[in-house]
Amino acid sequence: MKVTLVIMAAGLGSRYGGSKQVDGIGPNNEILMEYSIYDALRAGFNKVVFIIKPEMEELMERICGNYLRKRTALDGTPVEVAYAFQDFSSVPDFYHIPVERTKPFGTVHALLCAAQAVHEPFCVINADDYYGIDAYRTIYQELTALPESGRGTMVGYLLKNTASLHGTVSRGVCAVADGKLQSVREALKIQLYPDGTLKDLAEDRTLSPDTVVSMNFWGFTPSIFPALNAYFENFLRTEAGENVKAECLLPVMVGHELDTGRMEVSVLHSADRWFGMTYHEDRDRVAEELKKLHDSGAYPITLKG
C-alpha cells in the first residue's frame, strides 16, 4: 500500500530570520526535515512529496531527493519522490493578487498545490518541526485504516511543549473528547513566560499548559482536496482581499469541516516530544536535543546511510 509523507517547505521563515527549512542543525549538519523523512520511512511510508518554492527544486534535490531515490522502503519498493510548487500560478484567476504581496497564502494553499502528486493516504507536516518516530508509527497505522472519505486524523501535542520563550507562536488549540477532535481554534499570539504561564495575547486569556494543540501533523485521504479547494476559494473571495499577509490555515479549515459535520478527525498521541524552531534563538536548544538523540542511539551517525 502506498502511503505518502507530504512536507510543507515553501514558507519564508520570516520570524526565524532565515531559511530554517534548510538550516543544518543536526550534529552532522542534518536539517530537520531529514529526521522527519528518516522516521517516516522506518514507520512504513514509501513516498515523499516536497511542497517548495520553484527556485528551491535544485537545492532540495541535492539535499534530499538524490539520496532518497536510492532508498528502499520497508515494503521493498523504491522510495518515490515528487515535488509540488507553491506559488501564485496556482491561485484562481478571479482573485487579483495585491502587488505588495510576497508571501504564499498559507498551509491550505500549500497542500492544494500538492493535489496532482498525491493519490493515496498521506500525512502532511511542517518542514521545520521535529515530531519523533512514535508519531509516524502511530499515524501510519491510522492512515492504513482510514475510509476513502469523511475521516481524517492528527497527532496532538501539549501546548507547554510547543511554545517559545523567545516570542509568540501560532497554534491550533484543540478541544478533544473521547479521542475525537471537537473543534480547533487558531490562536495567533501565544506567549510562554519563564514561570511556565501561557497566555493567548490576542484574546487576553490564560491557557492550560496541558492544552492539546495541532502542530500541523495531519493525516488525510485524497478526498480532502475538493474541500480544500472550496475553502480556499471562499477565503480568497471573503478574507483575503487586499490583505497582503492573510493566510488560509489548515487547522481552521479542518475546524470548518468539523462544524459542518463533513469530517470526523481522530486525535492520536505520541510518546515523543515535539520541538522546532520558530525563532533563531530556538536553534541552540534544538541542536542540543538532536545531539542527545544521536548520542542515545535513536539515530545513526548519518541519516543518509
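Which residues do ring pairs link into a cluster? They are F45, Y131, Y136, Y140, Y157 and F217. The points below concern a predicted model.

1. Overall form. The protein has 7 helices and 13 strands. Its radius of gyration is 18 Å, close to the 19 Å that the globule rule gives for 305 residues, so the protein is as compact as a globular protein of that length. Along the principal axes, the C-alpha atoms fill a box of roughly 50 × 45 × 45 Å.

2. Burial and contacts. Of the 305 residues, 56% are buried. Among contacts between residues at least 6 apart in sequence, 74% join residues at least 24 apart.

3. Aromatic pairs. The whole structure contains 20 aromatic pairs. One of them joins F45 and Y136: the ring centres are 6.3 Å apart and the planes meet at 85°, so the pair is edge-to-face. F45 sits in the loop between helix 1 (32-43) and strand 2 (47-52), and Y136 in helix 4 (residues 133-143), so the pair ties together parts that are 91 residues apart in sequence. Both F45 and Y136 are buried.

4. A second pair. F88 and F105 also form an edge-to-face pair, at 5.8 Å centre to centre and 65° between the planes. F88 and F105 lie in the loop between strand 3 (80-85) and helix 3 (107-113), 17 residues apart. F88 has 29% relative accessibility and so counts as partly exposed, whereas F105 is buried, with a relative accessible area of 0%.

Definitions and conventions
Residues are numbered from 1 along each chain as its sequence is written. This is a predicted model: local features need pLDDT of at least 70, side-chain atom pairs count only at pLDDT 80 or more; totals for chains, interfaces and linings use all residues. Side-chain values use heavy atoms; hydrogens and water are left out. Helices (H or I, at least four residues) and strands (E, at least two) are DSSP runs, numbered from the N terminus. The radius of gyration is taken over C-alpha atoms; the globule rule is 2.2 Å times the number of residues to the power 0.38. Buried means under 20% relative accessible area, exposed over 50%, partly exposed in between (1.4 Å probe, protein chains only). Contact means heavy atoms within 4.5 Å. Rings of Phe, Tyr and Trp (its six-membered ring) pair if their centres lie within 6.5 Å; planes under 30 degrees apart count as stacked, over 60 as edge-to-face and the rest as tilted.
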